[in-house]
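I opened this entry to record what I looked up on charged side chains and the nonpolar core. The sequence and structure come before my notes.

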Amino acid sequence: RMVQEMIDFRSGQTVRVNTLPYMPSVGSIVNIHPEPVMLSNGLLARAADVALKNGQQILVPLNNLDVLE
């Protein structure tokens, strides 16, 4: 069984996206979805809305975010 490190994600945190096509964009967490959401690839995952520095807002699985603060 795989064990993942638990990270305490919070709104306002600065994060780096570590998955394509947005890697290595930096932005801020706007909202963390309390329940898993359906992603475009059909998977259910915990995710956050992230406002990138270029002004774009994207939905990113929490597993694909690195906290920079």
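Which residues does Ile58 touch, not counting those up to four places away in sequence? In this predicted model, I found Val17, Tyr22, Ala48, Asp49, Val50 and Leu52.

I then looked up the largest nonpolar core, which has 12 residues, including Ile58, Val17, Ala48, Val50 and Leu52. Strands β1 (14-17), β2 (26-32), β5 and β6 (57-61) each give two or more residues to this core. Strand β5 provides the largest share, three residues.

Next I turned to Asp49, which lies in strand β5 (residues 47-52). Asp49 is buried yet has no salt bridge. I noted Arg46 as the nearest side chain of opposite charge, 11 Å away. The side chain of Asp49 does make a polar contact of 3.1 Å with that of His33. Leaving aside neighbours within four places in sequence, I listed the contacts of Asp49, among them Ser28, Asn31, Gln57 and Leu59.

How many salt bridges does a search of the whole structure find? The search returned two.

I recorded one between Arg10 and Asp8, with the closest N and O atoms 3.8 Å apart. Arg10 counts as partly exposed because its relative accessibility is 45%, while Asp8, at 54%, counts as exposed.

I also recorded a salt bridge between the side chains of Arg16 and Asp66 (3.8 Å, N to O). Arg16 lies in strand β1 and Asp66 in strand β7 (residues 65-67), so this pair ties together parts that are 50 residues apart in sequence. Arg16 is partly exposed at 33% relative accessibility, and Asp66 is partly exposed at 28%.

Methods: Residues are numbered from 1 along each chain as its sequence is written. This is a predicted model: local features need pLDDT of at least 70, side-chain atom pairs count only at pLDDT 80 or more; totals for chains, interfaces and linings use all residues. Side-chain values use heavy atoms; hydrogens and water are left out. Helices (H or I, at least four residues) and strands (E, at least two) are DSSP runs, numbered from the N terminus. Buried means under 20% relative accessible area, exposed over 50%, partly exposed in between (1.4 Å probe, protein chains only). Lys and Arg count as positive and Asp and Glu as negative; His and the chain ends are not counted. A salt bridge is a side-chain nitrogen of Lys or Arg within 4 Å of a carboxyl oxygen of Asp or Glu. A polar contact is a pair of N or O atoms within 3.5 Å; within protein, one must be able to donate a hydrogen and the other to accept it, and residues adjacent in sequence count only if both atoms are side-chain atoms. Contact means heavy atoms within 4.5 Å. A nonpolar core is a set of buried Ala, Val, Leu, Ile, Met, Phe, Trp, Tyr and Cys residues joined through side-chain atoms within 4.5 Å.
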